[in-house]
Amino acid sequence: MAESTQLQQAQLATILGPDPAPFETLISHLMASANEQRSQAELLFNLCKQTDPDSLSLKLAHLLQFSPAQEARAMSAILLRKQLTRDDSYLWPRLSPTTQSSLKSILLSCIQREEVKSISKKLCDTISELASGILPDNGWPELLPFMFQCVSSDSPKLQESAFLIFAQLSQYIGDSLVPFIKELHAVFLHCLSSSTNSDVKIAALNAVINFIQCLTSSGDRDRFQDLLPAMMRTLMEALNNGNEATAQEALELFIELAGTEPRFLRRQIVEVVGSMLQVAEAESLEEGTRHLAIEFVITLAEARERAPGMMRKLPQFISRLFAILMKMVLDIEDDPSWHTAETEDEDAGESGNYSVGQECLDRLAISLGGNTIVPVASEQLPAYLAAPEWQKHHAALIALAQIAEGCSKVMIKNLEQVVAMVLNSFQDPHPRVRWAAINAIGQLSTDLGPDLQVQYHQRVLPALAAAMDDFQNPRVQAHAASAVLNFSENCTPDILTPYLDGIVSKLLVLLQNGKQMVQEGALTALASVADSSQEHFQKYYDAVMPYLKTILVNATDKSNRMLRAKSMECISLVGMAVGKEKFRDDAKQVMEVLMSLQGSQMEADDPTTSYMLQAWARLCKCLGQDFLPYMSVVMPPLLQSAQLKPDVTITSADDNSDIDESDDESMETITLGDKRIGIKTSVLEEKATACNMLCCYADELKEGFFPWIDQVAPTLVPLLKFYFHEEVRKAAVSAMPELLLSAKLAIEKGLAQGRNETYIKQLSDYIVPALVEALHKEPDTEICANILDAINECIQISGPLLDESQVRSIVEEIKQVITASSSRKRERAERTQAEDFDDEERELIKEENEQEEEVFDQVGEILGTLIKTFKASFLPFFDELSTYLTPMWGKDKTPEERRIAICIFDDVAEQCREAALKYYDTFLPFLLEACNDESPDVRQAAVYGLGVCAEFGGSVIKPLIRVALSRLNVVIQHPNALQPDNIMAYDNAVSALGKICQYHRDSIDAPQVIPAWLNCLPIKGDVIEAKVVHDQLCSMVERSDSDLLGPNNQNLSKIVQVFAEVLCAGKELATEQTASRMINLLRQLQQTLPPQTLASTWSSLQPQQQLALQSILSS
């Protein structure tokens, strides 16, 4: 060991010694392609860094300055930059002051001497990297004067380098440049207006755009408005000089600006967008250039948060852009391989233009909405449909399908025209047009459903059925089958059932077709039709299942993998639709096949795995506890899929070598700072599927899932923070309460292999804090609501086991959630002040705010659960939260927020009783006012709260009883009180009135109020309150309450009538105990009442009530 260290010491001494050759060799080995040589060199390089960072840095700098070899200079620029990056290997603080100042001056002299452009760029990167670390603390006072000097020099090379550095510094440490805003403005303006060198201009454009983005005040940004014409000229000159590569760089910079600072462009939007559309229309330009110009305009349209409504103010441009996109969608060849349908290749004959046009139509419609796009489409599409060329018909149908999602609300209002347009083309002579028509129906079924299904099933389904007979064109047949899938996904069984005979028999014919694509389409359609028709599918089961099993067993070679996978999907969905009894015998066979497959080796890209995971879970849902014996086969591979590591590659964002790979469908790339991260999506999807399935099993098997908890919990808990994929997080979140519940049930039922409640406590201590922490970091509002919901369910399952510090952390997090939500709402309110804000934006903001209500809803639920669980001991926390909750009572808040705030107080009053009396002074005035709120939900919560206060408020509420009565009276006497929207508020008001009669009789005029209460009975909307109120009535009759019965028992017939209605409603309106007490009371009345009174009481009932009562009383 000592020898090897000595050897290394000797090597280091040589490498860092006076002779330059060994160091140059080391650097060339670092670039070697042979792994062995390279890793040896890396080891030595890192040793140099540890033992003598000064010498190493100066050696690199020397190479950079004097090496004749370009690769060596480039490599040392890169290596220096890595040493000067502020991460684990940051070298700068370890260098002596003399080395530091040498390095700074060498870097600046290299930038002046270096002739090779690519190395200059790397040098700029190195300088920017170092400067971003030391400039803010005044560690490089010479740098900015040097850069201003370069910019005003007459060397284009130096000008370009200085601008490249300015651009990077704006990104890294923009604040340090802001003090020089005046000088920078002058420099930028001068260069963009008068430089003749296009590279310099692009570098300046890059610097300007990066600098504008780092300015936080809009006043500062406005000072750069006057640069915009010169910035646009830079682009146009490059195009006019045929310099398209430069123009494309410029366009990419403009796109970045449009995405981050769209309002900077607003004052000159007409000129800017006009120029961009000219570029997009210029057929002499390269496709790539035109696509970038379109991307710019679409990016502006999409910049909703920063410039709401701005593009909708320019209808003439939207019309031009739509026309450009339509022309792009015409760019399609009639490729023979499309007709043979041997391969999946759906886009045979489609050009780059075609796919960009298609994608942009979709994005344009989503960002601008139907009120803007539908008029433009209605103006342009008819000419396409009337033209003789098939490409034009095809383009119109493709466009309709693409804009449907963004225009759904407006298109639903004009369904007749839309559907007629599409169905006419089902008869077109050209198969590609028929395909496009079917494609449009499929898309419209998704985007305009279920309206389309309800109104047009009698026209659409027969048309699709007819298209399935097009044996000349298998691709059309297959697509018709997949449109049946889209149609039935948004469809109720009653619409679908009448067509099942025809559709199922056609799909069975397609299943036996020679073309695999057609078979796959038929399988997916059958699966969906079964799923949508549920038990109605039973009559086809015997005809369908043998075919499905044949495919499952026989489709074994590699080319049929997808077919077999889809047969699993279809079998499991059919099984779920028809139910366990019908499916049981086949299920056993199917599971045997799946088990043998499970054991076989599959290739990484085999779709079978993910289909199989889902099929197992459906079989479990279908078979319930009968599935338990298979769990030992299913779980190991499922856990393996759930534990997949994301396949991530990290490269530097300015490294262009890997751009070619980014076309790969299965890779998704995101750029973070100067890193580009590529993630293999298939891995993520398999992981998400697996996590969802784990959740399904826990949900379905309950205590049966217990044996797996110890493996599943440690797999899923870390995934609560898996930020690469939302579905994975959602699944992990939903699984948490399921795992707790499974453990609790297993322990309660004695199935927990000897474990007791301490196990639940351990599990809860693992899960609940993890959920709270995940909530703290969760970027997505919808998932925040999901996490709150999961925490709530966990507290319901294991609440009493939580300790004080866990409750505290939940409460702290709730404060965070309320604050974050309020500030998001505030930002939206600020958006409504933007110059171009319009109705469409208002609509979208309303939708976003509704998502916030989901969050508030969950907050209310959790607080309710905590209050129910801990009662008065939760009140200190409630006091802390009151500053967050009290504003929610405000008139400026949404009805939903007011309702939640009231419900929280209702819970406190009901659960904490005497301990809650101290809050009455604060909350009762709000409560009384809210009883007559516009919103029926708020009224319901408020009158319910009054009932609670009447029951537990004792002397504190006594002075307010009269006011309370008049408030309740307004609700009960309202002319529309019994309409569906208002019935819950009415029922709760009646119940509250009953509580006042019960607990505060001495404060009211009982002979008046009690019969008035009786007249409101029975209540039927709120079945929970109904049971309480009808029980109260029963008790009053049992003790012959004189105010209730009235003088001479005149209210008896009303009481009998109420009893009759309650009893005839079955178990809905009274508990079994109350019902049997009512029956006893009626029997007593039969025996004690004078016959006359009895007869008149009976005659007041409806005939069917008389019959029902007679049978109830005689049984």
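The model is a predicted one. Its protein chain is split into domain 1, residues 1-84, domain 2, residues 139-223, and domain 3, residues 225-307. The pair described here is domain 2 with domain 3, whose C-alpha centres are 20 Å apart.

In residues, 18 from domain 2 are in contact with 20 from domain 3. The size of an interface is often expressed as the accessible area lost when the parts come together. For domain 2 and domain 3 the buried area is about 1,800 Å², and carbon and sulfur atoms give 65% of that. On the domain 2 side, 30% of the area buried against domain 3 comes from Ile 202, Ile 209 and Gln 213, more than from any other three residues.

Polar and charged pairs also cross the interface. Between domain 2 and domain 3 there are eight residue pairs in polar contact, both residues being at pLDDT 80 or more. The count of salt bridges between domain 2 and domain 3 is three. Arg 267 forms a salt bridge with Asp 222, and the closest N and O atoms of this pair are 3.2 Å apart.

Which elements give two or more residues to the side of domain 2 that touches domain 3? They are α10 (181-194), α11 (198-214) and α12 (218-222). Of the elements on that side, α11 gives the most, with 10 residues. Sorted by class, the side of domain 2 that touches domain 3 has eight nonpolar residues, six polar residues and four charged residues.

The remaining description concerns features taken from the database record. In an unreviewed entry, UniProt places the feature "domain: Importin N-terminal" at residues 39-113. In the model, the span 39-113 is 77% helix and 0% strand, and its end C-alpha atoms lie 32 Å apart.

What is the helix content of residues 418-456? This span is 77% helix, with 0% strand, and its end C-alpha atoms are 11 Å apart. Residues 923-955 are 82% helix and 0% strand, with the end C-alpha atoms 16 Å apart.

Definitions and conventions:
Residues numbered from 1 in each chain as written. Predicted model: local features only at pLDDT ≥ 70, side-chain atom pairs only at ≥ 80, totals over all residues. Heavy atoms only, no water. Domains from an automatic or database assignment. Contact = heavy atoms within 4.5 Å. Buried area = accessible area lost by both parts, 1.4 Å probe. Salt bridge = Lys/Arg side-chain N within 4 Å of Asp/Glu carboxyl O. Polar contact = N/O pair within 3.5 Å; in protein donor to acceptor, adjacent residues only side chain to side chain. Helix = DSSP H or I, 4+ residues; strand = E, 2+ residues; numbered from the N terminus. Nonpolar A, V, L, I, M, F, W, Y, C, P; charged D, E, K, R; others polar. UniProt positions renumbered as here; feature names shortened; annotations may be inferred.
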